[in-house]
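Here is a walk through how two chains meet. Keep the structure open as you read.

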There are 2 protein chains.
Amino acid sequence: MTDQPSYPITPTNRIKRAHERAAYDHASVHAILDAAALCHVAYVIDDQPYATPTMFWREGSRLYWHGSAASRMIKTIRQGVKACVTVTHFDGLVIARSGFHHSANYRTVMAFGTARLLDDPDEKYAAQIAMVDRLFPGRTEGLRKVTDQELKATSFIYMDIESAAAKVRTGTVKDDEEDYALPIHAEIIPIHTTLGTPEPCPRSHTEAARGADLDLYSDGSSLEGALTQAYGETFD
Amino acid sequence: MTDQPSYPITPTNRIKRAHERAAYDHASVHAILDAAALCHVAYVIDDQPYATPTMFWREGSRLYWHGSAASRMIKTIRQGVKACVTVTHFDGLVIARSGFHHSANYRTVMAFGTARLLDDPDEKYAAQIAMVDRLFPGRTEGLRKVTDQELKATSFIYMDIESAAAKVRTGTVKDDEEDYALPIHAEIIPIHTTLGTPEPCPRSHTEAARGADLDLYSDGSSLEGALTQAYGETFD
């Protein structure tokens, strides 16, 4: 433990298994969140849990995501509902000498709180900028302006993180001590998530040119590298 | 709609928004599941929803995953609990001419059912083989054998899919018709998830050699390609 700012450890977020892989400090939790654009939100409707994938972003200890006003999640969330936002980076396959030591390298955050609708029009206006600029710094300025109708038809949801936990597995294979003597091959296979060649819209205007807002997103570069750097340029 | 086998469409799994992107047939749903090793499981403990990342695999219309008998999820699931298993492939960034048309290309499945503990020892024994061989065809045969103690300490969970929905966004940017005339750059950036250079365990036995069970997992190849092919070799 350090004296860095940390999320409180509660019965909800306390890591019980492999707790040596856990972290609760803001820096560890936020680094995993800000390297991602995709999360899974868990919430409950009529006793049925859902894990819904969606794009999200963070500001301080608040997470944001958006959806159509017609969606199932948005209708449920109007009064404020308990939610869990999970982000997972799948970093590698761990191939061991016995079945149960096969594993994965990963970095994950589970963040807990109450998801609520963003009602204030000014906050909604700011959110639609942050949603894009978090990915592509400064991009909103060059876009067709948002309309009142679009803002009305879209709901933004926010969740203040009440507790959160990061869990990370990294490094090489871990086998039972006596199994290292066996002539069984074991290895880690790293997993890389990278950007491909951009495909311009076939209906592009002849004067439309790729701008500096997309510079971080070059062919072959790391998705999480671009996301982390874009986040820093917009929010830090 | 085709006359292929399909999961029933219920109020739980019916896609309400952008329903033209939805599919319910077994082939569409299973292809998305079998191209993945990682899922997020939503479940509820004491009114708190959780989205927990875990490795999983499919056999027929049944999904399996495992965890330590001490974990929060396993303790909860003992009596059978409603769950949602979600798999998401993040395929690309969609960069449009207006903020709200920014989007993602993706393939996702949400599968619903009741998660239950696998109690039968023979079924548990079979599950620990499938768990590894689903990833690395035939690998279990060359491993140090599972012990009774390991089997006892590990719980397997299964969920028969009662309903499921696939949702896919693919293709290029979609903007409002009048916005195509604007000189604003728009593009798709594909996202690729690939395998890196295998890193043998530093404590490897001198006679240990990489076997055919790992042939699909070569440097630079597609993760989902390897997972899909491995799945087919083991189960089809």
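How many residue pairs are in polar contact between chain A and chain B? The count is 35, with both residues of each pair at pLDDT 80 or more. Keep in mind that this is a predicted model.

Start with the side of chain A that touches chain B. Strand S9 of chain A, residues 187-195, gives the largest share of that side, with nine residues. Sorted by class, the side holds 49 nonpolar, 27 polar and 18 charged residues.

Now turn to the salt bridges. Eight are found across the interface of chain A and chain B. One of them joins the side chains of Asp179(A) and Arg144(B). The N to O distance there is 2.8 Å.

Next, look at the extent of the interface. In chain A, 94 residues are in contact with chain B, and 94 residues of chain B take part in turn. The area buried between the two chains is about 8100 Å². Carbon and sulfur atoms give 64% of that area. On the chain A side, Phe100(A), Arg144(A) and His185(A) lose the most area to chain B. Together these three make up 10% of what that side buries.

Finally, go back to S9(A). What does this strand pair with in chain B? Its partner is strand S9 of chain B, residues 187-195. The two strands run antiparallel and are joined by five bridges.

Methods
Residues are numbered from 1 along each chain as its sequence is written. Chains are lettered from A and ligands numbered from 1 in the order in which they are written. This is a predicted model: local features need pLDDT of at least 70, side-chain atom pairs count only at pLDDT 80 or more; totals for chains, interfaces and linings use all residues. Side-chain values use heavy atoms; hydrogens and water are left out. Contact means heavy atoms within 4.5 Å. Buried area is the accessible area (1.4 Å probe) that two parts lose on being put together, summed over both. A salt bridge is a side-chain nitrogen of Lys or Arg within 4 Å of a carboxyl oxygen of Asp or Glu. A polar contact is a pair of N or O atoms within 3.5 Å; within protein, one must be able to donate a hydrogen and the other to accept it, and residues adjacent in sequence count only if both atoms are side-chain atoms. Helices (H or I, at least four residues) and strands (E, at least two) are DSSP runs, numbered from the N terminus. Ala, Val, Leu, Ile, Met, Phe, Trp, Tyr, Cys and Pro count as nonpolar, Asp, Glu, Lys and Arg as charged, and the others, Gly among them, as polar. Two strands pair if DSSP finds at least two bridges between them.
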